[in-house]
Amino acid sequence: MATQVERAVAWAKKKLGVTMYKGKCQAFVADCYAYGAGMTRRSASSAKVARNLWRVSTSQSNIPVGAAVYFDSPTSPQYGHVGLHIGNNQVIHAFGTVKQMSVSAIIGCGYAWQGWGWNGGVKPTGAGTTVPAGTSDGGTENASQGESVIHIPQTEKVYTVYEQDTPYKLPDVYAYQWQSYEKKTVLDISDRVGSPSLSDDSDSVCLELTFQVLQATGEKYFKPLEIRPGDYVSVVNTNSKECVFTGQVQAVSGSYRESLSVTCHDNGRLLTTNDVIIQFDNVAAKTAIAQLAAKVGIPSLSCPDLISSVYSLEKNNAATIVQDILETVTAENGVTYFPRMMGNTLVIRSYGDTCVRGFCRQEENLAPFDVMTECDAPQVSWDINDLKNDIVVYSEADNSATVQARAEDAAAVRRYGRRVGLVTFSDQDTVTASAKAQNTLREKSVVKEEFSLTTYGSDRIVAGVRMKVDLAEIRGEFWVTAVTHDLGPPHRMTLTMRRAE
């Protein structure tokens, strides 16, 4: 017979995606215990009150499965926030919709950890540090694979899963908070922010937020903001309660009297701002990335088992090293990966394998619509500058080179002329020279077809998602390689897309 914890977790999972608990995180946890576990229903007026009544520990280590986990709320500090811990540092909570996120991702969204306890002060049967039946076993490997960004949850070992949008949503409204490094104060600056733009490019390691902040020196009740590099800024969708960005101020320029331009980067800056010297002694690519992440201060990694090994002495920028490793992986297994920081976790992602739809709702009294039905005219390009249709795989020894394998796309050679690409091969490669040649040919012998368009925005549309396009000029399934969100209002976005394979 299932324990009370197992029943509570199973009930919570069935509620994933529902919106009925919007703004009622404490009620959701109370219902997990009551309607899921079958316990007497006990609740409190807010998560903060529940925390004060029933908190057991402030430790973030070995959180029991079935525990209520408590956080401060950056948007509603008087109420706090709470969710149900389901094992492996994963939490199901009412966060706009009911969703599953890691503890670190919630903290990365600006929700400070406050501890854990038992809802109503009563410990359910089966509560403990082990994972309930029907989920992954509790180990470091599975814990890292469960890491998730605020709005892009990972699912076990699947790295091409992107969260679907819902038409049952409220209009996008964003709040901007600034934390001064020197004063340690947090201030809502939403009424001072103009032209906010959030850029997400799969070729880059960082998300970048830019905005203008109004200064208006001389106004009695409108004092200038002393925003400086090293301060922190977060952006929260006040209706979905999702943190769409949190990061550090990198640059400030402009007029101190009128307005300043501010540029912020997310935690990907830990890779882009650090040059390292590191030796890889024939280790798995996943291990190499984990070693590199640890060296620059990234505490955790979520990564598939990449079938490649690395043997080299690297003296370069950390972001460049990660991207070089992933290029090697792509050459060996034919799958394209790119790095993303999700909270405090480095996640190695691949492009989506199922299509995602984005929805926009401009006003509460207007119906939501699919953003791809309201596109501006797309701009299209085709490019063969980087095309290689004849791949030669070679090895080096004693100042000589030996061809190990060759792969050719005869049709592309006839159409575009011969375009030879060279790829090295060594004993450390985990695939045959022939397989490496074929994988590289599959990647390189393509016409780069891209197009861009501007439409209404959705937070679910991020670099890596797959979308269906049905326009008069172009049709098919495409991957979003880059997206710039102009957060408005209204929320608009510009997509750069390439045809999915």
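The side chain of His485 reaches the backbone oxygen of Ile461 at 2.9 Å, a polar contact (a pair of N or O atoms within 3.5 Å; within protein, one must be able to donate a hydrogen and the other to accept it, and residues adjacent in sequence count only if both atoms are side-chain atoms). Keep in mind that this is a predicted model, where local features need pLDDT of at least 70, side-chain atom pairs count only at pLDDT 80 or more, and totals for chains, interfaces and linings use all residues. Residues are numbered from 1 along each chain as its sequence is written, and side-chain values use heavy atoms, with hydrogens and water left out.

His485 sits in strand β27 (residues 475–486); strands here are DSSP runs of E with at least two residues, helices are runs of H or I with at least four, and both are numbered from the N terminus. Leaving aside neighbours within four places in sequence, His485 is in contact (heavy atoms within 4.5 Å) with residues including Pro196, Leu198, Ser458, His491 and Met493.

Thr345, in strand β18 (residues 345–350), has a polar contact of 2.7 Å between its side chain and that of Ser300. Asp203 belongs to the loop between β9 (193–201) and β10 (208–214). The C-alpha atoms of Asp203 and Phe338 are 7.4 Å apart, although 135 residues separate them along the chain.

Buried means under 20% relative accessible area, exposed over 50%, and partly exposed in between (1.4 Å probe, protein chains only).

| Residue | Relative accessibility | Class |
|---|---|---|
| His485 | 6% | buried |
| Thr345 | 0% | buried |
| Asp203 | 66% | exposed |

Now for a pair of helices. The axes of α8 (residues 318–333) and α10 (residues 433–444) come within 6 Å and cross at roughly 105°. That makes the two roughly perpendicular, the class for 65 to 115 degrees (under 35 is roughly parallel, over 145 roughly antiparallel, the rest oblique). Axes are lines fitted to C-alpha atoms over the stretch in contact, with angles from 0 to 180 degrees between N-to-C directions.

On the α8 side, Thr330, Ala331, Glu332 and Asn333 meet Lys436, Asn439, Thr440 and Glu443 of α10. Ala433, Lys436, Ala437, Asn439, Thr440 and Leu441 are buried in α10, and the buried residues of α10 pack against α8, β22 (390–397), β23 (400–408) and β24 (420–424).
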